[in-house]
Amino acid sequence: MKGLFVCALFAVALFAQSAPASGDDKMPGSKKPAIVLAAFGTSTPAAVDSILNIKRRVEAAFPGYDVHLGFTSTIIRKIWHGRAGDAEFRKENPDIPEELYSVTNVFSALAAVQEEGFRPVLVQSLHVTDGEEYHDLKR
């Protein structure tokens with residue numbers, strides 16, 4: 001059932017990207033490309049810089065693109081969302097960017113950039129091994 005749901009979301013996202021809405025050329029930011037980096041994620045503050053380093057390098061390599069993050073791990077996203085209201089954690093980790101406290105899954109990130117009018121939108125997996133989350137992205 002989970003696989004069917006993921007496939008349906010991906011199909012909707014692909015259809016939305018390939019079928020421009022009426023007046024799409026008048027949307028703010030339309031025709032500007034974007035990249036969504038799909039990472040498993042990390043809950044370790046010291047490891048966050050690895051993901052952010054990749055994001056910075058992609059931004060430098062593709063200066064005309066908006067670059068966004070999406071984490072495939074539900075558990076990791078919940079940890080970051082929980083930390084959003086944890087003043088002590090934020091005080092101890094001031095270098096954590098705000099975007100991590102509201103990080104979404106890849107499909108939500110893809111939908112958000114498409115809703116904002118970005119075209120085309122590319123998804124780049126940062127997965128090192130082909131685990132469950134990677135296979136979900138491929139479907």
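This is a predicted model: local features need pLDDT of at least 70, side-chain atom pairs count only at pLDDT 80 or more; totals for chains, interfaces and linings use all residues.
**Figure 1. Glu 59 and Lys 55 sit about one turn apart in helix α2.** As a reminder, side chains of opposite charge can pair when their charged atoms come close. Lys 55 has a relative accessibility of 10%, and because buried means under 20%, Lys 55 counts as buried. Glu 99 joins in as well: Lys 55, Glu 59 and Glu 99 are linked in a network of salt bridges.

**Figure 2. Helix α2 has a buried side and an exposed face.** Which residues of α2 are buried? They are Val 48, Ile 51, Leu 52, Lys 55 and Val 58. These residues cover an arc of only 110 degrees around the axis, so they lie on the same side of α2. Turned away from that buried side is a face with the exposed residues Ala 46, Arg 57, Ala 60 and Ala 61. As for neighbours, the buried residues pack against the strands β1 (34-39) and β2 (66-71), and against the helices α3 (74-83) and α5 (98-101).

**Figure 3. Arg 56 and Asp 49 form another salt bridge.** Their closest N and O atoms are 3.1 Å apart. Arg 56 is partly exposed, with a relative accessible area of 43%. Asp 49 is also partly exposed, and its value is 43%. In total, the structure holds 5 salt bridges.

**Figure 4. A salt bridge between Asp 66 and Lys 32 links distant parts of the chain.** Here the closest N and O atoms are 2.8 Å apart. Asp 66 lies in strand β2, while Lys 32 is in the loop between α1 (2-18) and β1; the two residues are 34 residues apart. Asp 66 is partly exposed, with a relative accessible area of 24%. Lys 32 is partly exposed too, at 35%.

**Figure 5. The largest nonpolar core brings together 17 residues.** Those with the most contacts inside this core are Leu 37, Val 48, Leu 69, Phe 71, Trp 80, Ile 96 and Leu 100. Two or more residues come from each of β1, α2, β2, α3 and α5. Which element gives the most? That is α2, with 4 residues. Zoom in on Leu 37 and you will find several residues that it touches, including Lys 55, Val 58, Leu 69 and Leu 126. Apart from this core lies another one, of 9 residues, among them Ala 34, Val 36, Val 106 and Val 113.

**Figure 6. His 127 makes polar contacts through its side chain.** Where is His 127? Look in the loop between β3 (121-125) and α7 (132-138). His 127 is buried, with a relative accessible area of 17%. Its side chain makes a polar contact with the side chain of Thr 72 at 3.0 Å. The side chain of Ser 125 is also a partner, with a polar contact to the His 127 side chain at 2.8 Å.

Technical notes. Residues are numbered from 1 along each chain as its sequence is written. Side-chain values use heavy atoms; hydrogens and water are left out. Buried means under 20% relative accessible area, exposed over 50%, partly exposed in between (1.4 Å probe, protein chains only). The arc is that of the directions from the helix axis to the C-beta atoms. Contact means heavy atoms within 4.5 Å. A salt bridge is a side-chain nitrogen of Lys or Arg within 4 Å of a carboxyl oxygen of Asp or Glu. A nonpolar core is a set of buried Ala, Val, Leu, Ile, Met, Phe, Trp, Tyr and Cys residues joined through side-chain atoms within 4.5 Å. A polar contact is a pair of N or O atoms within 3.5 Å; within protein, one must be able to donate a hydrogen and the other to accept it, and residues adjacent in sequence count only if both atoms are side-chain atoms. Lists of a residue's contacts leave out its neighbours within four places in sequence.
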